[in-house]
Amino acid sequence: MNPKELWKATLGEIELQISKPNFITWLKNSELIERNEREGVALVGLPNNFAKEWVRNRYHKLILGSLRNLDNSIRNVDYVVITGAREVPARVAVSKPIAASPLTDEHKLPISELKVDPITNLNPRYTLDTFIVGSSNELAYAATQAVIASVGKKYNPLFLYGGVGLGKTHLLQATGNAIASHAGARNRVFYVSSEKFINDVVWAVRNKRMEDIKKRYRDVDVLIIDDIQFIGGKTTTELEFFYTFNALHEHSKQIIISSDRPPAAIPTLEERLRSRFEGGMIVDIGYPDYEMRLAILRAKTQELGALLDGKILDHIAAKVQKNIRELEGVLNKVLFLSQHRGGSLDIKKIDEVISETTRVSSKNVNASDIVKTVAEFFEVPVSDLTNRCRKQEVVEPRQIAMFLLRDVLKLSYPHIGEKLGKRDHTTAIHAYEKINKALSQNPALNQKIILIKERVYK
Amino acid sequence: MKIVVLRENLVFGLSVVERAVGVGSNLPILKNVLFSAHEGIISLTATNLEIAVTHNISGKVLENGEITCPFQILNAAIKNVAAERIALEQVGKKLAVSTDNYDAQIQTQDPKEYPLIPSVQTSAPTVSLDAASLTHALSSVIVATQYTDIRPEISGVLFRFHEEGLTLVATDSFRLAEFRLVNKGVVGGGIDAIVPLRAAEEVLRIIQTEESGSLVEITLEPNQVLFKTSRTRLISRLIDGRFPEYHAIIPKEVKHEAVIAREEFARAVRATSSFAGRASDVTLTVSENKKFLELSSSDAALGEGRSRVPIKIKGEKFSAAFNWRYFLDGLKIYQGPYVKLGMNAPDRPVVISDPDAAYLTYVVMPIKT
């Protein structure tokens, strides 16, 4: 047996005889430095004087006994403090004067590599500094600030919802990063997409390793779950999540959840989970207004170090309204074009890029599908939408239908008017504009439209 | 164990050892304080296995013995009682705390389980220093260091014992402070010891409360250091590593010198700093007519600020930008009415010194702009 193996075996024996905290505190970083065969003395290295003092006075007999069990040529044990200097190649390395070099590098600190942190699962690219706050998301931002300031105590769980590409993931990850790097506190943060959570549960069920899941998800201070709506309808996952949620919440661990819609609108979500989500703080992230879109574009161009005409940015901000990711996509494409084509781009070309990027895939959806879905959603007969009936309860569904026909299928206004009760094209224009305007102000309406669209595409 | 002490003494004693009490450790007993009463001496001990502090308090020992109980519980109980005298007595496995109008029984643990405080060999080199001088020296240099895991060798204060005395040095690689204590009872030399920042802070806290004229003994062993005052002993591990050869950083001579009223300068730095951006940079520029030093900072989001202080300058005009916090630290450690700025090139370190305090040197790196 070499000294390393001998010591490992000895520690294995000692570990059984003393309590775990004691073992960790006093013997964890110990090693057998040498074994003097002739004199039968083993030299044990310990990390500090406290350990040396304690081990020599309290564990000497134990260690000697255990060592002798394995190697009876040992007659005595001596202890020293291990100094890190042994590992550093002596003093040769210091011969060069350090000059002022370490002092001058404040501005050149290397940017830490942007990889996903293996422990927290967070991407350091997302920071609160780069998150642009405007009227549509200031509430959400304020809520996350409150959570960062008092983790687990205020707004638990925090439930963020908003449409696709409005910055939920960014805000979520940035919050996680802020909490993880918060000076002073050592909060273990764990970020996971609900898809990953589902996969973990499936894996655990198949391999009978539910304990692993419990350990991984419950042994944290902050659990962040992205896109929670996907766990709706997956019974075992929901149940596991429910238990995890309770375990964390009971110990006032922070839970942050995002979804594309409020809990009440996730149809397959179990009642008990829904009520738990609703017990915390629910905030929405709405569509960005024009100024905010422009601010995002400016920040993005600055970040990329690119130059673009202010007019072009204005134009993009005015045209791409519903999705920040698309906004960035258009910007990237425009930047690419301007770099490779050289010269300036005209507004027409930019319009082309915008329509290319934001075109909605209207797979096999036709006008009657939409009208039917709207009618079903509002539980009114289809005929009420398509005749000249002016009952109050069909007015809104009809306007929504008009809006969707225009928005999704790009039908002409006269055609839309024709389809829904032989109305004038101005009626259709009015309906489209009314709904379009109300969308940004009325989250409930927004939600309805999203749900209807979802059903249409199903 | 049975003792009677004045509440005031006990509260003070607990506050001395408080910061050495372990937190969040594997070993729960580190959260305890150990009382020991022997031959008329009562001592309190706390350790987190990085440092250990033992403090003697005066009181009456009625029965010898040792006892250990959770620090927080005892401290909270003692802090809130109003009585002047407190009796502590071991009753079975509990510690009974009693005053005229208050009684408490605190669960204790076996004092044999409490970590042993490492002993120091009497033969180890020992120096005695005047507590007031050490307080002055330590409080002057300690501002220049910070906790860092990346470079452990500079996350502490260097105690360099040499032929002429003791030199304390601290740096965080952006600034450096050096304090030379000359011939103050130092014998022998050629020993370097890096005391961890946390321990240095504790030493400072302890010796600050010492009466004037009292002495501090420093005993050095290869891996540990003992600071001893009349009533308190603090043992700390030493940082393992070599302190950078800092002499290379301090400019031997300076080309341009400016003398400035210290308080006014510090106020101007503070006033201007409100507008400093993320790099905390404040720019110093000597005015056209060489009669003023202009401080300016600006940030696109905040605005900009300027202030002006009169100077006397020797040499040419200069301009450089600094992290204002680091700069202000350098002004605060001096006490005299004037400071001198020594400058070479805009990207070379700047020396802040006080003509009346030649024993103290503060060097700060400019920020590249």
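**Close-up 1. Ala258(B) and its bridge partner.** In β23(B), Ala258(B) finds its bridge partner in Leu341(B). The two strands here, β18 (residues 256-261) and β23 (residues 338-343) of chain B, run antiparallel and are joined by six bridges. Strands are DSSP runs of E with at least two residues, helices are runs of H or I with at least four, and both are numbered from the N terminus; two strands pair if DSSP finds at least two bridges between them. This is a predicted model, in which local features need pLDDT of at least 70 and side-chain atom pairs pLDDT 80 or more, while totals for chains, interfaces and linings use all residues. Residues are numbered from 1 along each chain as written, with chains lettered from A and ligands numbered from 1 in written order.

**Close-up 2. Another partner for β18(B).** Four bridges link β18(B) to strand β21 (residues 303-314) of chain B, again in the antiparallel sense. Ile260(B) has Ile311(B) as its bridge partner in β21(B).

**Close-up 3. An open sheet in chain A.** Five strands lie in the order β5-β6-β7-β4-β8, with parallel pairing. At the edges are β5 (189-193) and β8 (281-285) of chain A, each pairing on one side only. Look for Leu160(A), whose bridge partner in β7(A) is Ser258(A).

**Close-up 4. Around Phe322(B).** Not counting residues up to four places away in sequence, Phe322(B) touches Asp281(B), Val282(B), Leu284(B), Phe327(B), Val364(B), Pro366(B) and Ile367(B). Touching here means that C-beta atoms, placed from the backbone, lie within 7 Å.

How values were computed. Two residues are in contact if their C-beta atoms, placed from the backbone, lie within 7 Å.
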